[in-house]
Amino acid sequence: MEQLTVLYQNLKRRYGEFHWWNDENPIKDLVSMILIQQTTEANAKRALEQLEGRLTIHSLLEMPVEDLQECIRPAGFFKQKSLYIRSVVEWANQFDGDFSRLDRVETAVLRKELLSLKGVGNETADVILLYLCRRSVFVADQYALRLFNRLGLSQSQDYLSLRQEFTEHIKDWSVKDAQELHALIDEHGKQFRLTKGQLDESWLMI
């Protein structure tokens, strides 16, 4: 879809590049993807900092659950998230945290497996696929849904409909471009929210 390419280029021109979830330690990114659920970036970052030095598969699985909960308390829902972290880390332990070992697994199969994990819903599954498994999938979060509705790019009203519609359009994009598209849409959504919906968007599709 040419319109999506135009949108991406204009967003990139305005906001630059973000390089989200690109840490040398993929387990740190994996844990971060759980911590960010239903909280702010600042709170998730505080919780992640309190886990510094323990962000390995072995350390996280050996850590008493009470200690884990205390560390991640700033991110909120710390009891549930401690279980979610254990769940995804146990999954990563099956391949020693080496995500390249999943390269031959079909995306649909991998996504189904991710969705079977405690605490992993549609959005988190796609974020893991996009950044850690390096698959060009579309993260159809609320920022994307609202933006695409406002611009008339889609009439989809739910996550899965929008995901299906636009993953098809970006399946041949580079992983880096697919990642940046997600980051740019979210950044624009945050700017739009800060202006209480008054942000000029006429430049997006020019």
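**Core, helix packing and selected residues of the predicted model**

His-19 is partly exposed, with a relative accessible area of 45%; partly exposed denotes the range between buried (under 20%) and exposed (over 50%), computed with a 1.4 Å probe on protein chains only. The structure is a predicted model, in which local features need pLDDT of at least 70, side-chain atom pairs count only at pLDDT 80 or more, and totals for chains, interfaces and linings use all residues. Residues are numbered from 1 along each chain as its sequence is written, and side-chain values use heavy atoms, without hydrogens and water.

His-19 sits in the loop between helix H1 (2–15) and H2. Helices here are DSSP runs (H or I, at least four residues), numbered from the N terminus. The phi angle of His-19 is near 55 degrees, a positive value in a residue other than glycine. Arg-134 is not a glycine either, and has a positive phi of about 60 degrees. Arg-134 belongs to the loop between helix H8 (122–131) and helix H9 (142–151).

The largest nonpolar core holds 65 residues. Such a core is a set of buried Ala, Val, Leu, Ile, Met, Phe, Trp, Tyr and Cys residues joined through side-chain atoms within 4.5 Å. Val-31, Trp-91, Phe-138 and Phe-148 touch the most other members. Domain 1 (1–19 + 138–195) and domain 2 (26–132) both contribute residues, so the core lies between them. The domain bounds come from an automatic or database assignment. Contacts of Trp-91 (heavy atoms within 4.5 Å) include Phe-99, Leu-102, Leu-110 and Glu-113, leaving aside residues up to four places away in sequence.

Helix H3 spans residues 41–50, and its Ala-44, Ala-47 and Leu-48 are buried. These three cover an arc of only 100 degrees around the axis, which puts them on the same side of H3. The arc is taken from the directions from the helix axis to the C-beta atoms. The buried residues of H3 pack against helix H2 (26–35) and helix H5 (65–72).

His-182 is part of helix H11 (residues 175–194). His-182 is buried, at a relative accessible area of 5%. Among its contacts are Trp-20, Trp-21, Val-127 and Leu-130, again not counting residues up to four places away in sequence. The C-alpha atoms of His-182 and Leu-130 are 9.3 Å apart, although 52 residues separate the two along the chain.

UniProt, in an unreviewed entry, places the feature "domain: HhH-GPD" at residues 35–191. Such annotations may be inferred rather than shown by experiment. The span is 63% helix and 0% strand, and its end C-alpha atoms lie 22 Å apart; strands are DSSP runs (E) of at least two residues.
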